[in-house]
Amino acid sequence: MRSRATGALIAPGASVQFTAFTPPAVFGEVPEAADYDLIYHLDIPVATPQWNLKPIPYLVDEARYGERLFDRVAYLMELDGNWVFTSFDRHAASLSQIGVPTLGTFPAAVQRRIDNLNVASNVAGIVTGQGIETGNIEFWGGNYQNTNAASIPGASDTSL
């Protein structure tokens with residue numbers, strides 16, 4: 001048998017101790033989250049991470065083990081007990097394109113409409129629902145610029 005992480009041969013009968021990842025409690029707040037495999041998990045850093053120079057310190061990075069088929073993407077962000085969850089039909093063909101974009105890993109900006117959007121949140125004022133048709137995603141690997149290059153309806157060329 002070979003190691004999933006390194007590809008090295010594992011001796012028959014070998015064992016190792018490890019601590020399994022425990023998903024944050026917020027996952028239990030969002031029933032739909034159970035429908036997805038966790039591909040990336042990233043704690044928001046306190047310091048400026050310089051991800052264009054250093055690797056992103058994911059706590060979970062399943063994409064490093066190779067591609068897998070997927071037809072939807074979900075993001076869950078929690079900050080100080082407030083959270084928002086979104087899921088939608090995939091906007092990229094590769095797992096490496098759904099993580100945090102950086103100039104070194106996926107430099108192209110993602111700016112496009114998304115289809116079949118679901119939104120859940122515990123924050124008042126956020127529009128929630130299922131099958132929302134008016135969504136868009138903007139995800140940048142470098143300096144953010146406010147140009148609406150893809151002509152996304154409702155996006156602004158003047159607001160950051």
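## The chain at a glance

Of the 160 residues in this chain, 28% count as buried. Keep in mind as you read that this is a predicted model.

The secondary structure comes to 8 strands and 0 helices, so written from the N terminus on, the elements read β-β-β-β-β-β-β-β. What about contacts along the sequence? Taking those between residues at least 6 apart in sequence, 53% join residues that are at least 24 apart.

## An open sheet of four strands

Next, the sheet. Here 4 strands form an open sheet, with antiparallel pairing and the order S3-S4-S6-S7. Its edge strands are S3 and S7, the latter covering 129-132, and each of them pairs on one side only. On average, neighbouring strands of this sheet are turned by 15 degrees against each other, direction ignored.

Strand S3 spans residues 72-79 and strand S4 spans residues 82-89, and the two pair in the antiparallel sense over 8 bridges. Within this pairing, Leu 79 has Asn 82 of S4 as its bridge partner.

## Two residues with a positive phi

Which residue in the turn of the S3 and S4 hairpin has a positive phi? It is Asp 80: S3 and S4 form a hairpin with 2 residues between them, and Asp 80 in the turn has a phi of about 55 degrees. This residue is not a glycine. Is Asp 80 buried or exposed? Its relative accessibility is 75%, so Asp 80 counts as exposed, the cut-off being over 50%.

Asn 116 also has a positive phi, of about 60 degrees, although it is not a glycine. You can find Asn 116 in the loop between strand S5 (110-113) and S6. Because its relative accessible area is 38%, Asn 116 is partly exposed.

## The second largest pocket

Which residues line the second largest pocket? They are Val 16, Phe 18, Thr 19, Ala 20, Phe 21, Leu 59, Val 60, Asp 61, Glu 62, Arg 64 and Tyr 65. By class, this lining has 7 nonpolar, 1 polar and 3 charged residues.

Conventions:
Residues numbered from 1 in each chain as written. Predicted model: local features only at pLDDT ≥ 70, side-chain atom pairs only at ≥ 80, totals over all residues. Heavy atoms only, no water. 1 Å grid on protein atoms, 1.4 Å probe; cavity = no way out; pocket = protein on both sides within 12 Å on 5 of 7 lines; lining within 4 Å. Nonpolar A, V, L, I, M, F, W, Y, C, P; charged D, E, K, R; others polar. Pairing = 2+ DSSP bridges. Axes fitted to C-alpha atoms, helices over the stretch in contact; angles between N-to-C directions. Buried < 20%, exposed > 50% of the residue type's maximum accessible area, 1.4 Å probe, protein only. Contact = heavy atoms within 4.5 Å.
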